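Reader: I am new to reading models like this one. Please take me closely through the part where the two chains meet, and then show me what lies around it.

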Amino acid sequence: MLLLIQYTLIFASVLILVALGGCFSEHSGVINLGLEGIMVMGALGGALGMRFLPIGIPGLFYILLVMLFAILVGVLYSSLLAVAAINFKADQTIVGTALNMLGTAAATVIVKAMNTAVNPNDVSSIIQYIEPKKKFIVYLGSFEFNWFMLFTLIILGCAWFVLYKTKFGLRLMACGEHPQAADSVGINVHKMRWSGVLISGGLGGLGGICYILAGVSEWRFEYGVAGFGFLALAVMIFGQWKPTRIALAALMFGFFRALSNTYMGFGFLQALNLPSTVYNMLPYIISIIVLALTSKNSKAPKAEGIPYDKGQR
Amino acid sequence: MSEKTKTNIFKKPGVQSLISSLVCIILGLFIAFIVLLIINPSGAFTSIMNVVKNFLWFKNPASRLKYFGETLVKTVPLLMCALAVLFSYKVGLFNIGTPGQYCAGICAALYAALKWQWGWVPCVLFAIIAGALLASIVGVLKAYLNVNEVISGIMLNWITLYFTNATLTAVKNPASKDTLTIASVNKAALLPKIGLDKIFNDKYVTIAIPIAIVIAVIIMIILDKTKFGYELKATGINKDAAKYCGMMEKTNIIITLVISGALAGLGAAFYYLTDFEQWAVTQSTVPAMGFNGIAATFLGGLNPIGTIFASYFIQHITAGGAFVDLTKYSSQITDLISALIIYLCGFVLFMKTFMNNLIKKSEAKRHVKEFNINDEGGNK
C-alpha cells in the first residue's frame, strides 16, 4: 500500500511538472507536442550532471545543481520549437513531432558516443546513477520520500500564482486567447510566446529528470520516456488548462500508472488473474476515456496553434 | 522573353517543393555530419558518405542489386505509412496513430498467417481491417467527442503495442523472442513473387513493390481528381463550411482515418508477409516505420508521387546507417537525420515565401528596368 502511494506521488509529480509546462506554453498560444522530446533531453542533461558532478557536493546543493542542468537543457532544446513556431510560423504539430523524434535520437547518439569513448566495446545507451540517486531520497520509515515531491508542490503553487496573480501571467494568457487584442494594447506577443515555450521547456526538462529518477537507477536512452509527455498533455486537457485541476488529474493518472508497477502486492488484484499487459495498458486506456468525456467542452486557449501574424490584425 | 520563362519555372509550386525538400536533405545531412565530426573527427566524412551510398558501398554489381532490392522491400511499408499520414494530413488531420495502426496490421497479419494458417490474400485483408478499425476509434473520438487526434493516436499506439506483444507471444519461436518465420509454418501466406525475386536475386522481393507504387498513384487520383477527394479536402480546410454545403463532415473525418489506417495496416502486411523480418515480442516501442512515414510525407512535399521518392530516400539512408563506422558512431545517426529533416520541413512554408519574395523582387527590378528603357526611348 505504501509502495502504491509512493509511486503514485512520484509519477504524479512528473505529470504535474510536465503538464504545467504544457499549460504555460498553450496559454501563450503555442501547442507544445514536443514535451516528450524535451523530457528526454532534460533527463539527459540531469543524468550527465549526475555522471560528471563530484559526488562530494553536499546534498541539497547537489540536487539543485542536477535540477539546474535538466532545466537548462530543456530550455535550450525548447528554443528549437520557439524559433520554428513563433518566428518562422511553422506548423506546430510537425515541429513538435520532430522534436520528439530528435530528442530520443540525439540522446541515444550522444550517450552511445560517450560510452564508446570510455570503453570501445560498450555500445549501450545506458547511464548509471546509483550513488547520486540516493541523494534524492529520504527514508521516512519504509516510505521513500523523493525531494521532487516537495519541489513539485512548490512549483505548483508558484505556477498558480504566476498565471493568475501577476501581470506577466495575465498577459501571457491574453496572448493565447486573443493575440491581436494583446498586441493592440502594447504587449509584445512574440516575447510572451517565447517565454511561454521556454518555461515549458524548463518544466518539461525537470519532469524528465524526475521521471528517470522515479524507479530505477540507470536509464537506457533508446527507450525515451514511454509516452509520458503525451500522458501529461492528456492530464493538461483533463485539467482544463488550470494548475489546481491539473494537479488532481495528475494524481489520478499517477495512481493508474503506479498500479502497473505494484499490482502484484495486492491480494485481490492478483486474484483477478489479469495479465500484466492489462495493467500496462491501463493508464493509456483511462486517458482516452477521460479525454472522450471531457474534450467536448474544451476550455483550450482560443488562439493556440495559430502562428501570430501582425498583418492579420 | 527567355528570361521570363526562366523565372516562371521557380514560381511553380512543384519546383518550389522540390527545392525546399532538397534544402532540407542537404541541411539535415550537413548537421549530422557536424555531429559526427564532434563525436570523432577522423572517419566522419567516410561515414556520412556511406550513409548516402547505402548499397553502392558494395563493389560487386550482384550484391548491389540484391541490397537495392532489400532497400525496396523496406521502402514499401514506409511508403504505405507515409501515404497514410499524407491522406489524413490533406484532410486536416494529423494521424500520428500510424505507428499503432501499422502495429495492428502486423499483429493481424502474423497471427492469421501463423496461428490460423490463412493464405496471403485473407491475411492482407485482415491486416487492412485491423489498421482501419484502430484508426476508426480515433476518427469517432475526433468527430463526435472533439478529442485531439494526436493525443488519442499516441495513447492507442501504446495500447496496441502491449496488445501485439501479448497476442503474438502465442506464435513465438520457443527458442528466441521473435515470432516464427512464415516459411517454416505456412508458405501459402508468403506474398507471391511473380519472378521479381529472380531479377533482384533476393527472395524477399515480391509483388508488394509494384502494388505499392500503384496505390500511391491511386491515392493521388482520389485526392486530386474525384468528387470524393474534393469533399474530404474541403472538410479539412473548413469543417463548418463543408457542413453548410451539405457534406457530412463527421462521416468524412471518420472515413479519412479509416482509409489512412487501412493503408498503414496494408503496409504492415506487405512487409511482414515477405518474411524479411520477424516481430520481437519484447519490443518496448512502436515500430519506427510510422514515425519515419511522417518524415517521408513532408519531405515528399505532401504529394503522393513525391512521397514515393522521399520514402525511398529515407529508407536508403536508414539502411545506410548500417555502413557507418560502428566502432566510432552508432547507427542511430540516421534516426537523427530523419528527425532533423522533419524539423527542417517545418520551415518549408518560410522557404516558399522567401522564394516568392525573391521572384517578386527580381520581377519588380526588371519592370523598373523595362520602364526606364521605355522612358529613355520616349525622350529621344
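**Where the chains meet**

Author: We start at the contact between the chains. In this predicted model, 39 residues of chain A are in contact with 40 residues of chain B. Three helices of chain A each supply at least two residues of the side that touches chain B: α4 (92-118), α10 (228-238) and α13 (276-294). Which of them gives the most to that side? The answer is α4(A), with 13 residues. Now sort that side of chain A by class. It has 26 nonpolar residues, nine polar ones and four charged ones.

How far can we trust the picture? The model scores ipTM 0.87 and pTM 0.87. Chain A has a mean pLDDT of 88, and 99% of its residues reach 70 or more. Chain B averages 87, with 96% of the residues at 70 or above. Where pLDDT is low, predicted coordinates should not be read in detail.

Next comes the nonpolar core. The largest one has 224 residues. Four residues have the most contacts inside it: A:Leu15, A:Val235, B:Ala109 and B:Leu273. Take B:Ala109. Which residues does B:Ala109 touch, leaving aside its neighbours within four places in sequence? They are B:Cys123, B:Phe126, B:Ala127, B:Ala268, B:Ala269, B:Tyr272 and B:Leu273.

Now look at helix α5 of chain B, residues 98-114. Is α5(B) mostly covered or mostly open? It is mostly covered, and 17 of its 17 residues are buried. At 1.5 Å a residue, the 17 residues should span 24 Å, and the end C-alpha atoms are 24 Å apart, so the two agree.

B:Gln117 is found between α5 and α6 (120-145) of chain B. B:Gln117 has a positive phi of about 60°, although it is not a glycine. Why does B:Gln117 count as exposed? It does so because 12 other C-beta atoms lie within 10 Å, and 12 or fewer is the cut-off for exposed.

A:Trp241 has a positive phi of about 60° and is not a glycine either. A:Trp241 is found in the loop between α10 and α11 (243-262) of chain A. Recall that α10 of chain A supplies residues to the side that touches chain B. A:Trp241 is buried, because 22 other C-beta atoms lie within 10 Å and the cut-off for buried is 20 or more.

Stay with chain A for another helix. Helix α2 (residues 35-52) has 18 residues. From first C-alpha to last it reaches 25 Å, close to the 26 Å expected at 1.5 Å a residue. α2(A) is mostly covered, with 15 of its 18 residues buried.

Chain A also has a pair of strands. β2 (residues 137-140) and β3 (residues 143-146) of chain A pair in the antiparallel sense, over four bridges. A:Ile137 has A:Asn146 as its bridge partner in β3(A). A:Val138 stands opposite A:Phe145.

Then go to the segment after α13 of chain A, where A:Ile306 is found. A:Ile306 counts as partly exposed, because 15 C-beta neighbours lie inside 10 Å. A:Ile306 and A:Val30 are 276 residues apart in sequence. In space they are 7.5 Å apart, C-alpha to C-alpha.

Finally, step back to the whole of chain B. What does its secondary structure come to? It has 17 helices and zero strands. Its C-alpha trace spans about 95 × 60 × 40 Å along the principal axes. Of the 380 residues in chain B, 50% are buried. Now take contacts in chain B between residues at least 6 apart in sequence. Of these, 77% join residues at least 24 apart.

Terms used
Residues are numbered from 1 along each chain as its sequence is written. Chains are lettered from A and ligands numbered from 1 in the order in which they are written. This is a predicted model: local features need pLDDT of at least 70, side-chain atom pairs count only at pLDDT 80 or more; totals for chains, interfaces and linings use all residues. Two residues are in contact if their C-beta atoms, placed from the backbone, lie within 7 Å. Ala, Val, Leu, Ile, Met, Phe, Trp, Tyr, Cys and Pro count as nonpolar, Asp, Glu, Lys and Arg as charged, and the others, Gly among them, as polar. A nonpolar core is a set of buried Ala, Val, Leu, Ile, Met, Phe, Trp, Tyr and Cys residues joined through C-beta atoms within 7 Å. The expected span of a helix is 1.5 Å times one less than its number of residues. pLDDT is the predictor's confidence in each residue, from 0 to 100. Two strands pair if DSSP finds at least two bridges between them.
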